[in-house]
Amino acid sequence: MTVEVPGRAVLSRPLSVPLIGGIVGMLPLAVAAQPGEGLRDTTFWLQLVVACYAGVRLCAMVLSGRRRLIQGAFWLFSYLAMGIAPLAQSVLGRDPTPVLGARGDTETATVLVLCGMAAFDVGALLARHRPSVVRRRRPAATVHRQRLYLLVALAYVASALLIVRLGGPAVFFTSRQEISTTLNEATGAQAGEAGGEAGNALLRGFGTVPAMLALLFLTRWLVTSRSARRRPGVLVPWAGLLVINTIVNNPISNPRYWFLTVLFALLFTVFPRSPVMYRAALALGVVIALLVFPFTDRFRYDENGHRPVETDALLEPLVVKDYDQVNMFANTLTFAADGNGHTYGQQVAGAALFFVPRSMWEGKPQDTGFLVGGWMGTNSANLSSPLWAELWLDFGPLGMTAGFLGVGYLAARTDRRYVVRTLDDPSPGNVLAVVVPVLAGYSFILLRGSLLQASGRIGIAVLCLLLVTTLRDNRRAQLH
């Protein structure tokens with residue numbers, strides 16, 4: 001079996017020292033030392049521990065000789081959204097989303113966040129030391145050439161339908177608010193109607209997901225095959241998909257986490273074996289999330305309603321609504337304690353069976369963020385529900401811990417298989433070489449939640465992958 005050579009991949013010591021010092025020490029301590037009205041209580045110190053723990057693990061991902069895409073995305077999210085941002089909110093004494101319960105609920109939520117992170121680590125460790133079993137090698141999943149062209153055709157048709165229904169490409173470069181308004185007008189849906197929202201989500205999903213996946217598969221074909229770069233039959237559809245993705249998947253009219261998925265997946269499809277690009281993506285991800293991400297909120301609203309972040313304060317971008325995950329976790333704890341209790345798998349089942357209409361499933365669970373938000377007295381549909389809250393609400397603290405143990409195990413196994421398969425099989429039709437970068441990028445959405453909101457695009461992506469994937473060794477159908 002071919003393995004990567006750690007000696008050539010590990011970051012040099014002169015660069016690793018400032019990286020560790022900056023992420024683990026300098027940034028958390030700089031945030032903690034800022035003046036503010038917040039209490040330096042137990043919750044504050046726990047959040048400092050979370051930030052430092054996640055920072056250590058993030059540095060381990062960056063310095064590793066292996067490319068651990070999914071684990072790296074998990075620790076990048078945990079460091080920023082569950083560590084640094086809540087720490088800044090404690091220092092300033094400000095919450096991006098109101099916390100209705102006592103301070104003790106935030107303290108409990110922080111402890112549970114730490115438990116989930118530790119369980120993820122244990123799961124990854126179990127996967128690393130999984131005993132090797134001699135078994136027959138299963139055929140690798142590859143892209144079927146004729147079916148790939150069917151996916152390309154589907155992408156063109158679905159994206160064209162979305163563009164036409166919205167009145168042309170221009171609306172995609174206005175704001176997300178304008179897109180939502182135009183969609184409601186085009187489909188005749190009223191804001192807040194479950195059927196109308198589901199129809200809009202379906203239209204947007206089919207208009208964006210096939211276009212992204214088709215572009216990624218063609219990009220890998222071009223990157224790994226010299227002959228493909230001389231074929232008009234590959235170059236022309238790829239160029240057209242590049243234009244289509246610029247329209248339907250641009251950062252102006254799409255949620256920032258979705259654009260991050262597209263960017264992350266495209267980056268690692270173009271540079272599938274570059275340790276430098278892998279490290280740069282994780283290290284620069286911290287800088288981009290702190291300095292760029294909150295300010296792109298201006299694209300959410302039109303000129304009359306847009307509310308950009310305008311401040312010279314260091315911590316101000318960290319108290320905006322993008323980083324309300326721990327606040328919403330605390331509200332979920334209060335929601336359950338207020339007599340609502342645990343849901344015993346209903347929320348996860350609702351996300352897994354998202355495609356079942358409410359007319360056929362009368363008691364179908366609501367989106368978790370919307371459910372807790374309704375109890376809070378807000379009608380906002382953009383409240384997060386991090387994976388910690390989803391698993392805790394369904395299964396309690398033990399079930400949440402077990403869930404993260406499984407997530408860590410699967411993430412580590414998938415990362416390891418990705419490295420082995422991309423080295424052993426550098427062919428253009430390697431499905432795993434595209435799926436894992438997409439999954440790593442989309443994990444930011446899954447971790448932020450809620451699961452029900454994230455399920456629609458996953459379902460469409462699975463259908464697209466089933467369309468193009470084959471397990472048969474047919475040379476006539478392979479990409480060359």
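Does L410 count as buried or exposed, and at what relative accessibility? In this predicted model, L410 counts as exposed, because its relative accessibility is 55% and the cut-off for exposed is over 50%. The residue sits in helix α15, which covers residues 387-424.

The chain as a whole gives the setting. It has 480 residues, of which 51% count as buried, and it contains 17 helices and 2 strands. Among contacts between residues at least 6 apart in sequence, 81% join residues at least 24 apart. The accessible surface comes to about 21700 Å², and carbon and sulfur atoms account for 64% of that area.

Two packed helices are described by the angle between their axes and the distance between the axes. For helix α4 (residues 69-92) and helix α5 (residues 103-128), the axes come within 12 Å and cross at roughly 160 degrees. The two helices are therefore roughly antiparallel to each other, since angles over 145 degrees count as such. Their crossing is left-handed. On the α4 side the contact is made by Q71, F74, W75, S78, M82 and S90, and on the α5 side by R103, V113, M117, F120, D121 and A124. By type, these residues divide into 7 nonpolar, 3 polar and 2 charged.

A second pair is formed by α12 (325-340) and helix α14 (residues 368-376). Here the axes come within 10 Å and cross at roughly 65 degrees. α12 and α14 are therefore roughly perpendicular to each other, and this crossing is left-handed. M328, N331, T332, T334, F335, D338 and N340 of α12 meet G369, L371, V372, W375 and M376 of α14. The residues of this contact comprise 6 nonpolar, 5 polar and 1 charged.

How many of the 16 residues of α12 are buried? The number is 12, so α12 is largely enclosed by the rest of the structure. Among the buried residues are M328, N331, T332, T334 and F335, which also take part in the contact with α14. Others that are buried in α12 include Q325, V326, N327 and F329.

After α12 comes G341, whose phi is positive, near 65 degrees. The loop between α12 and α13 (346-352) holds T343, and Y344 lies in that loop as well. T343 counts as buried because its relative accessibility is 13%, and the cut-off for buried is under 20%. Leaving aside neighbours within four places in sequence, T343 is in contact with L393 and D394. Y344, by contrast, is exposed, with a relative accessible area of 68%. Most residues other than glycine have a negative phi, and most peptide bonds are trans. Y344 is not a glycine, yet its phi is positive, at about 55 degrees.

A further backbone feature concerns a peptide bond. The bond from G449 to S450 is cis, with omega near 5 degrees. S450 is placed in the loop between α16 (432-448) and α17 (451-468).

Methods
Residues are numbered from 1 along each chain as its sequence is written. This is a predicted model: local features need pLDDT of at least 70, side-chain atom pairs count only at pLDDT 80 or more; totals for chains, interfaces and linings use all residues. Side-chain values use heavy atoms; hydrogens and water are left out. Axes are lines fitted to C-alpha atoms, for helices over the stretch in contact, and angles run from 0 to 180 degrees between N-to-C directions. Helices (H or I, at least four residues) and strands (E, at least two) are DSSP runs, numbered from the N terminus. Angles under 35 degrees count as roughly parallel, over 145 as roughly antiparallel, 65 to 115 as roughly perpendicular and the rest as oblique. A crossing is left-handed if the near helix is turned anticlockwise from the far one by less than a right angle, and right-handed if clockwise. Contact means heavy atoms within 4.5 Å. Ala, Val, Leu, Ile, Met, Phe, Trp, Tyr, Cys and Pro count as nonpolar, Asp, Glu, Lys and Arg as charged, and the others, Gly among them, as polar. Buried means under 20% relative accessible area, exposed over 50%, partly exposed in between (1.4 Å probe, protein chains only). Accessible areas come from the Shrake-Rupley method with a 1.4 Å probe; for residues, only the protein chains shown count as cover.
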